[in-house]
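Notes follow, in the order I looked things up.

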Amino acid sequence: DKESNLVAHSIPSGLFANPDRSDYHLLPESPARDKGKAVYEGKSAPGSDFETTSRPQGGQVDIGAYEQ
């Protein structure tokens, strides 16, 4: 929903591995790495990503479904 998710009509290059093939893993140089918030408006981010990788792997959680 638009209240809790980023809605984009086009995907900028350099963010995801292969969005044309629905591969939304972040690239190493992606500006979304380590930019998520562990707590937002009193709600905690999930402790693991879509593939059960624990979060965070770096200094902060990554934005998106997959943690790098």
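I started with Y66, which comes out buried at 14% relative accessibility. My cut-offs: buried is under 20% relative accessible area, exposed is over 50%, and partly exposed is in between, with a 1.4 Å probe and protein chains only.

Ground rules before going on. I'm working on a predicted model, where local features need pLDDT of at least 70, side-chain atom pairs count only at pLDDT 80 or more, and totals for chains, interfaces and linings use all residues. Residues are numbered from 1 along each chain as its sequence is written, and side-chain values use heavy atoms, with hydrogens and water left out.

**Aromatic pairs**

I found 2 aromatic pairs in the structure. The criterion is that rings of Phe, Tyr and Trp (its six-membered ring) have centres within 6.5 Å; planes under 30 degrees apart are stacked, over 60 edge-to-face, and the rest tilted. F16 and Y24 have ring centres 5.2 Å apart and planes at 85 degrees, so I logged them as edge-to-face. F16 is partly exposed at 23%, and Y24 is partly exposed at 33%.

Y66 turned up in an edge-to-face pair with F50, at 5.9 Å centre to centre and 85 degrees between the planes. Both F50 and Y66 lie in the segment after β4, 16 residues apart. F50, at 65% relative accessibility, counts as exposed.

**Salt bridge**

How many salt bridges does a search of the whole structure find? I got 1, taking a side-chain nitrogen of Lys or Arg within 4 Å of a carboxyl oxygen of Asp or Glu. R55 and E67 make it, at 3.1 Å from N to O. R55 and E67 are both in the segment after β4 (43–44), so the pair ties together parts 12 residues apart in sequence. R55 is buried at 15%, and E67 is buried at 5%.

**Strands**

I took strands as DSSP E runs of at least two residues, and helices as H or I runs of at least four, numbered from the N terminus. β1 (residues 16–18) pairs with β2 in the antiparallel sense over 2 bridges; pairing needs at least two DSSP bridges. N18 stands opposite D23 in β2. The two strands, β1 and β2, form a hairpin with 4 residues between them, and S22 in the turn has a positive phi of about 60 degrees.

**Confidence**

Last, I checked pLDDT, the predictor's confidence in each residue from 0 to 100. The chain averages 86, and 84% of the residues score at least 70.
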